[in-house]
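These are my notebook entries on one protein model. I wrote down what I looked up, in the order I looked it up.

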Amino acid sequence: MTAPTLPTASYAPFTPDASTASDVTGGTDRAAPAGALDGSPDGSPGPRGGTARPGSPELLRSVFRRHAAGVAVITAESGGRPAGFTATSLNSVSAEPPLLSFTTGTGSSSWPAVRDCEYLGVHILGEHQQELAGLFARSGADRFGPGTGWAAGPHGVPLLDGVLAWLVCRVVARVPAGEHRVIIAEAVAGDPEGEGRPLLYHQGRFNALRD
């Protein structure tokens with residue numbers, strides 16, 4: 001697969017926004033809430049004698065800010081128009097059959113496309129695509145505007161230029177999970193031969209992989 005260079009464009013700095021279709025979270029580390037327990041909630045000591053916090057949205061966000069994740073863009077076609085969003089929840093589920101999963105919020109602008117599509121695209125972004133990742137994570141952005149190189153691929157799925165790898169997948173399940181859905185999809189076509197190194201998401205920022 002050739003890896004064409006995206007046209008140079010200038011974008012505003014990326015700020016995670018819970019209203020976007022992305023599952024890139026922007027939670028901040030916070031002090032232990034009032035009433036936090038010494039040790040674990042059942043009274044046993046925590047690691048290194050630390051303070052265990054009760055389970056909460058803030059705790060989950062703070063912990064996952066410490067987790068470095070790969071960055072993907074999910075795309076789909078909706079009513080003849082492309083839709084897409086940045087995701088860091090991409091996981092391999094099974095090799096036989098070749099299944100993967102990711103999550104998306106039901107209040108996101110891209111949810112209707114994901115809800116209704118039969119096929120979707122999964123793109124693994126390279127470290128040279130930080131601006132593209134930010135573009136697809138920003139609410140109200142023109143994600144498929146002149147600065148984005150893409151073309152229709154198998155089953156009419158929008159495919160982005162210059163990525164490290166891509167898959168076209170058939171959706172097999174949409175599993176409710178709070179205000180999100182876990183999408184399970186089976187790979188039906190793809191190309192893993194793009195050039196470059198992967199883009200990562202850590203501590204609320206996009207980062208390059210360092211040896």
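Entry 1: I started at Leu60, which lies in helix 1 (residues 57–64). Helices are DSSP runs of H or I with at least four residues, strands are runs of E with at least two, and both are numbered from the N terminus. Leu60 is exposed at a relative accessible area of 54%. I use buried for under 20% relative accessible area, exposed for over 50%, and partly exposed for what lies in between, with a 1.4 Å probe and protein chains only. Leu60 forms a nonpolar surface patch with Val63 and Phe64, and together they have about 300 Å² of accessible area. Patch members have over 30% relative accessible area and no salt bridge; nonpolar side chains (Val, Leu, Ile, Met, Phe, Trp, Tyr) are joined within 5 Å, like charges within 9 Å. A salt bridge here is a side-chain nitrogen of Lys or Arg within 4 Å of a carboxyl oxygen of Asp or Glu.

**Entry 2: basis of the values.** The model is predicted: local features need pLDDT of at least 70, side-chain atom pairs count only at pLDDT 80 or more, and totals for chains, interfaces and linings use all residues. Residues are numbered from 1 along each chain as its sequence is written, and side-chain values use heavy atoms, with hydrogens and water left out.

**Entry 3: the whole chain.** I noted three helices and 14 strands for the protein chain. Of its 211 residues, 38% are buried. The accessible surface comes to about 11,300 Å², with 52% of it belonging to carbon and sulfur atoms. Areas are from the Shrake-Rupley method with a 1.4 Å probe; for residues, only the protein chains shown count as cover. I then took the contacts (heavy atoms within 4.5 Å). Among those between residues at least 6 apart in sequence, 65% join residues at least 24 apart.

**Entry 4: helix 3.** Why is helix 3 largely enclosed by the rest of the structure? Six of the eight residues in helix 3 (residues 130–137) are buried, so the rest of the structure largely encloses it. The buried ones are Leu132, Ala133, Gly134, Leu135, Phe136 and Ala137. I listed what covers them: the cover includes strand 4 (72–78), strand 5 (81–87), strand 10 (158–160), strand 13 (199–202) and strand 14 (205–208).

**Entry 5: aromatic pairs.** Rings of Phe, Tyr and Trp (its six-membered ring) pair if their centres lie within 6.5 Å; planes under 30 degrees apart are stacked, over 60 edge-to-face, and the rest tilted. I got four aromatic pairs by this rule. One of them is Phe85 with Phe102, tilted, at 6.1 Å centre to centre and 55 degrees between the planes. Phe85 is in strand 5 and Phe102 in strand 7 (residues 99–105), so this pair ties together parts 17 residues apart in sequence. Phe85 is buried at 1% relative accessibility, and Phe102 is buried at 0%. I next looked up Phe144 and Trp150, an edge-to-face pair at 5.3 Å centre to centre with 80 degrees between the planes. Phe144 is buried at 15%, whereas Trp150 is partly exposed at 33%.

**Entry 6: cysteines.** How many disulfides does a search of the whole structure find? I found zero, taking a disulfide as a pair of cysteine sulfur atoms within 2.5 Å. Cys117 is buried at 8% relative accessibility, and Cys169 is buried at 0%.

**Entry 7: around Ala187.** Ala187 sits in strand 12 (residues 180–191) and is partly exposed at 21% relative accessibility. Leaving out residues up to four places away in sequence, I listed its contacts as Pro98, Leu167, Val168 and Cys169. Ala187 and Arg170 are 17 residues apart in sequence and 6.5 Å apart in space, C-alpha to C-alpha.

**Entry 8: backbone checks.** The peptide bond from Glu96 to Pro97 is cis, with omega near 0 degrees. Pro97 is in the loop between strand 6 (91–94) and strand 7. I also recorded a positive phi in two residues other than glycine: near 60 degrees for His155 and near 55 degrees for Gln203. His155 is in the loop between strand 9 (150–152) and strand 10, and is exposed at 52%. Gln203 is in the loop between strand 13 and strand 14, and is partly exposed at 28%.
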